[in-house]
Amino acid sequence: MRKDYKTVNDIQLGEKKDYLLKISRRKELKELIFDCLTNKQFELLLSDEKINKLFYIDALKPLYKATDYDSLEYHLIMMNSLFKYQSYIDLKKQLLEKICKKAITINEYCVLRQLIDYQAISFEDLISKLHNYYEVEYEECARICLLEDHYHLAYLYLKKLEDCQDEYLLDLLCSFSFYDYASLMRHYAKNKRGYQLAPTH
């Protein structure tokens with residue numbers, strides 16, 4: 001099940017160590033990682049420019065080899081937590097441009113959110129841009145909003161639909177706000193009645 005941005009980026013020391021052990025082929029670096037028992041020791045090790053650079057080079061290989069969005073998202077999450085190189089920032093910009101040229105669904109969005117600087121754009125502005133500029137459909141915008149716990153925004157996007165056939169999506173909204181769900185059901189029922197033809201005599 002997909003998790004919100006805050007949750008997926010709450011990375012614990014053990015996860016960072018496992019990631020670096022997995023990507024590194026250098027025995028000496030693996031030993032240094034094994035010796036880190038606290039966050040402070042880990043941060044001190046990664047603050048060494050030479051060591052950090054070696055890990056960064058190792059991290060680029062699996063990132064380039066990623067063949068699906070889940071794998072790409074995972075590597076970006078881990079790399080975002082560990083590396084600040086300009087070359088990495090440039091790489092993320094290139095990825096952002098490539099993904100935005102495709103149809104954007106929730107799978108693409110989960111990668112996009114790792115490429116975006118949320119200090120420069122709010123979630124509301126981002127979702128508006130996805131809809132208006134990249135033509136992401138109302139229903140998909142609603143899914144993204146619910147993923148990030150913005151259920152009032154999800155409600156607004158769903159209300160723009162004449163009807164919604166995705167019961168799972170509506171159940172998700174109901175789990176956040178029964179009031180918004182009930183309001184939406186009344187809205188859809190009203191729209192359906194408006195389309196009914198009067199009987200002929």
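**Note on rings, helix packing and loop residues**

1. Glu-135 sits in the loop between helix 9 (123-132) and helix 10 (138-147). Helices here are DSSP runs (H or I, at least four residues), numbered from the N terminus. Phi of Glu-135 is positive, about 60°, although the residue is not a glycine. Most residues other than glycine have a negative phi. Glu-135 counts as exposed, at 68% relative accessibility. The cut-offs are under 20% relative accessible area for buried, over 50% for exposed, and partly exposed in between (1.4 Å probe, protein chains only).

2. A word on the model. It is predicted: local features need pLDDT of at least 70, side-chain atom pairs count only at pLDDT 80 or more, and totals for chains, interfaces and linings use all residues. Residues are numbered from 1 along each chain as its sequence is written, and side-chain values use heavy atoms, with hydrogens and water left out.

3. Asp-149 also deserves a look. Its phi is near 65°, a positive value in a residue other than glycine. Asp-149 lies in the loop between helix 10 and helix 11. At 45% relative accessibility, Asp-149 is partly exposed.

4. Next, the aromatic pairs. The structure holds ten of them. Rings of Phe, Tyr and Trp (its six-membered ring) pair if their centres lie within 6.5 Å; planes under 30 degrees apart are stacked, over 60 edge-to-face, and the rest tilted. Tyr-151 and Phe-176 have ring centres 5.6 Å apart and planes at 20°, so this pair is stacked. The pair links distant parts of the chain, 25 residues apart: Tyr-151 is in helix 11 (residues 151-159) and Phe-176 in helix 12 (residues 167-176). Tyr-151 is partly exposed, with a relative accessible area of 25%. Phe-176 is partly exposed too, at 32%.

5. For Phe-178 and Tyr-181, the ring centres lie 6.1 Å apart and the planes stand at 35°, so the pair is tilted. Both residues belong to helix 13 (residues 178-195). They are three residues apart, about one turn of the helix. Phe-178 is exposed, with a relative accessible area of 55%.

6. Ring pairs also join Tyr-56, Phe-83, Tyr-85 and Tyr-88 into a cluster. Lys-53 lies over the face of Tyr-85, 4.7 Å from the ring centre. The test for a charge over a ring is NZ of Lys or CZ of Arg within 6 Å of the ring centre and within 35 degrees of the ring normal.

7. Which residues make the contact between helix 5 and helix 7? First, the geometry. The axes of helix 5 (residues 49-65) and helix 7 (residues 86-100) come within 12 Å and cross at roughly 15°. Helix 5 is therefore roughly parallel to helix 7, as angles under 35 degrees count as roughly parallel, over 145 as roughly antiparallel, 65 to 115 as roughly perpendicular and the rest as oblique. Helix 5 contributes Tyr-56, Leu-60, Leu-63 and Tyr-64 to the contact, and helix 7 contributes Ser-87, Tyr-88 and Leu-91. Contact means heavy atoms within 4.5 Å.

8. Two buried glutamates close the note. Glu-73, in helix 6 (residues 69-82), is buried at 7% relative accessible area. Leaving aside neighbours within four places in sequence, Glu-73 is in contact with Arg-2, Cys-110, Val-111, Arg-113 and Gln-114. Glu-140, in helix 10, is buried at 15%.

Definitions and conventions: Axes fitted to C-alpha atoms, helices over the stretch in contact; angles between N-to-C directions.
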